[in-house]
Amino acid sequence: MMSNNNNPTLRKTRTFLLKKSNSMQLPTVQPMEVVPKRSASLRFPTSPQLVLGEEMLHFSHPQHPLSHVNLPDLFTCAGCKEYGAGKRFTCQQCDYQLHDFCALAPPALKSHPFHCQHQLVFYSKPVKGGIAQSKCDVCNKPIKGYAFRCGACSFQMHPCCAMLSSEISLLYVHPHTLRLLPASTTLSSGSDPSFVCGECRRKRSGTRVYHCTVCDYHLHAVCAKNMINGLHENGIKNREKPSMLGTAARLASQVVIEFIGGLMEGLGEGVAEVFVQNVTRSGRGNGRGR
């Protein structure tokens, strides 16, 4: 039965296009919720973007609306420049994609468990530091885009890392509660960690580490991120982007190897030619002696 209400209604098509009524207003930013210690991640208040059902207008992509979708394929977030899978905000017209936690990142974080002494402010661009890129103080990976940064000190972290907490419970990975080790025990320069991560089966220096409160299980913070960005849930592993310096070093080593190989090949041809000449001369000398 048709409604007699004169107010326009929201209509959603397959392309997620919505019509907005004049009564819609921007959502207000709420204080960050208090999260139980055993929560797998922190919950952010919604940033002041215009959100209409499953669609939003984001400051980083004002020309087109972004639709909230859940797809299993791998993508690179246009905000933080890191990998993701599963839930995201994507543009249906130009393939612009954002993690949901990047798209909804608040302007600031207060009393975050990783850095409770100072407020962390959201920045959309990384710090300019020449060739060497600034790194996240949680996962030790380069910050190439969106980040939360402290104005009083040099602390900074990715939006994905900010979704983690000092205690996490990931029952599909480990049955016990995991607690973050102090930074002094895992970030000391030149230290060789004695524990192996239960997820990647490797040792790492620089990244923060979770340890089990019951057994000897350890989990790198950089591996715990994969539980947040959708990679683990969608079965995507070992998708770390190579660094520019690492790529340059590999290319340089390849050039050197090819050069040495060519040099050895040339030397080999020269030695073979000399050997043939010596054999020929020896044969001629033996023939004359007869």
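## Terms and model

Two strands pair if DSSP finds at least two bridges between them. Helices (H or I, at least four residues) and strands (E, at least two) are DSSP runs, numbered from the N terminus. A hairpin joins strand 8 to strand 9 through five residues.

This is a predicted model, in which local features need pLDDT of at least 70 and side-chain atom pairs count only at pLDDT 80 or more, while totals for chains, interfaces and linings use all residues. Residues are numbered from 1 along each chain as its sequence is written, and side-chain values use heavy atoms, with hydrogens and water left out.

## Overall figures

The protein has five helices and 13 strands. Of its 290 residues, 37% count as buried; buried means under 20% relative accessible area, exposed over 50%, and partly exposed in between (1.4 Å probe, protein chains only).

The accessible surface of the protein comes to about 18,100 Å², and 54% of this belongs to carbon and sulfur atoms. Accessible areas come from the Shrake-Rupley method with a 1.4 Å probe; for residues, only the protein chains shown count as cover. Contacts (heavy atoms within 4.5 Å) were also counted: among those between residues at least 6 apart in sequence, 53% join residues at least 24 apart.

Strand 8 covers residues 147–150. A147 and R149 point one way from strand 8, F148 and C150 point the other way, and all are buried.

Strand 8 pairs with strand 7 in the antiparallel sense over four bridges. The pairing of strand 8 with strand 9 (residues 156–157) is also antiparallel, over two bridges. R149 takes part on both sides: V121 stands opposite R149, and the bridge partner of R149 in strand 9 is Q156.

Four strands form an open sheet in the order 10-11-12-13, with antiparallel pairing. Strand 10 and strand 13 (218–220) are the edge strands, each pairing on one side only. Three bridges join strand 12 to strand 13, and V209 has H220 in strand 13 as its bridge partner.

E167 lies in strand 10 (residues 167–168). E167 is buried, with a relative accessible area of 13%. The side chain of E167 makes a polar contact of 2.7 Å with the side chain of R179. A polar contact is a pair of N or O atoms within 3.5 Å; within protein, one must be able to donate a hydrogen and the other to accept it, and residues adjacent in sequence count only if both atoms are side-chain atoms. The C-alpha atoms of E167 and L181, 14 residues apart along the chain, are separated by 9.7 Å.

## H58 in strand 2

H58 is found in strand 2 (residues 55–58). H58 counts as buried, at 1% relative accessibility. A polar contact of 2.7 Å joins the side chains of H58 and S60.

## Two loop residues with positive phi

Most residues other than glycine have a negative phi. S111 has a positive phi of about 55° although it is not a glycine. S111 is in the loop between strand 6 (108–109) and strand 7 (120–123), and is exposed, with a relative accessible area of 54%.

R201, also not a glycine, has a positive phi of about 60°. R201 is placed in the loop between helix 3 (183–186) and strand 12 (209–212). R201 is exposed, with a relative accessible area of 65%.
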